[in-house]
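Biologist: I would like to learn how to read the packing of helices in a model like this one. Could we go through it slowly, one feature at a time?

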Amino acid sequence: MIVPIKAIVEELGIEEEEVMEFLQDFLDYTETEDLVGLTAALSSDDCDLVGKRAHSIKGAALNLKLTEVAELSEQIERKGLATDLEGVQELVDRLKDQLKAVREFVEERQ
């Protein structure tokens, strides 16, 4: 996972330090709210909530140019909207791996 810091800085017109803060905030919220909610929704076969949680992650990831996170989130969202949760756990596991890679990136730069 490579985080395109320069592209984010240019697009948002902010300093790299602020980008790192945004990434940290994204990770903190996503891991404690959206990912927990997504996992719970998947456990209870709540397709609607699976889609909503994945949509939330996708939107935030797109704003931060985290394309791999956004793409996985979109796949999960589509499965939820289609009420087809087959294979979603594997996608969630891959999403967790991507988020872990982003966290490692952020921690290495602090």
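Modeller: Let us begin with a term: a residue is called buried when its relative accessible area is under 20%. Please keep in mind throughout that this is a predicted model.

Biologist: Which residues of H4 are buried?

Modeller: In H4, the buried residues are Val-69, Ala-70, Leu-72, Ser-73, Ile-76, Glu-77 and Gly-80. Viewed down the axis of H4, these buried residues fall within an arc of 165°, so they line one face of the helix.

Biologist: How many residues does H4 have, and what span is expected for it?

Modeller: H4 runs over residues 67-81 and has 15 residues, and its reach of 21 Å from first to last C-alpha is close to the 21 Å expected at 1.5 Å a residue. After H4 comes Thr-83, whose phi is positive, near 50°.

Biologist: What covers the buried residues of H4?

Modeller: The cover includes helix H2 (16-43), helix H3 (47-63) and helix H5 (88-108).

Biologist: And how should I describe a pair of packed helices?

Modeller: Two packed helices are described by the angle between their axes and by the distance between those axes. In this model, the axes of H4 and H5 come within 9 Å and cross at roughly 160°, which makes H4 roughly antiparallel to H5. The crossing in which H4 passes H5 is left-handed.

Biologist: Which residues of H4 and H5 meet?

Modeller: From H4, the residues in contact are Glu-68, Val-69, Leu-72, Ser-73, Gln-75, Ile-76 and Lys-79, and they meet Val-88, Leu-91, Val-92, Arg-94, Leu-95, Gln-98, Leu-99 and Val-102 in H5. Among the H4 residues listed as buried are Val-69, Leu-72, Ser-73 and Ile-76, and these four also take part in the contact with H5.

Biologist: At what angle do H2 and H5 pack, and how far apart are their axes?

Modeller: H2 and H5 pack at an angle of about 160°, with their axes 11 Å apart, and that makes H2 roughly antiparallel to H5. Here too the crossing is left-handed, as H2 passes H5. On the H2 side the contact includes Met-20, Leu-23, Gln-24 and Phe-26, while on the H5 side it includes Val-102, Arg-103, Phe-105 and Val-106.

Biologist: Is Gln-24 buried or exposed?

Modeller: Gln-24, which is found in helix H2, counts as buried because its relative accessibility is 17%, below the cut-off of 20%. Leaving aside residues up to four places away in sequence, Gln-24 touches Arg-103, Val-106 and Gln-110.

Terms used: Residues are numbered from 1 along each chain as its sequence is written. This is a predicted model: local features need pLDDT of at least 70, side-chain atom pairs count only at pLDDT 80 or more; totals for chains, interfaces and linings use all residues. Side-chain values use heavy atoms; hydrogens and water are left out. Helices (H or I, at least four residues) and strands (E, at least two) are DSSP runs, numbered from the N terminus. The expected span of a helix is 1.5 Å times one less than its number of residues. Buried means under 20% relative accessible area, exposed over 50%, partly exposed in between (1.4 Å probe, protein chains only). The arc is that of the directions from the helix axis to the C-beta atoms. Contact means heavy atoms within 4.5 Å. Axes are lines fitted to C-alpha atoms, for helices over the stretch in contact, and angles run from 0 to 180 degrees between N-to-C directions. Angles under 35 degrees count as roughly parallel, over 145 as roughly antiparallel, 65 to 115 as roughly perpendicular and the rest as oblique. A crossing is left-handed if the near helix is turned anticlockwise from the far one by less than a right angle, and right-handed if clockwise.
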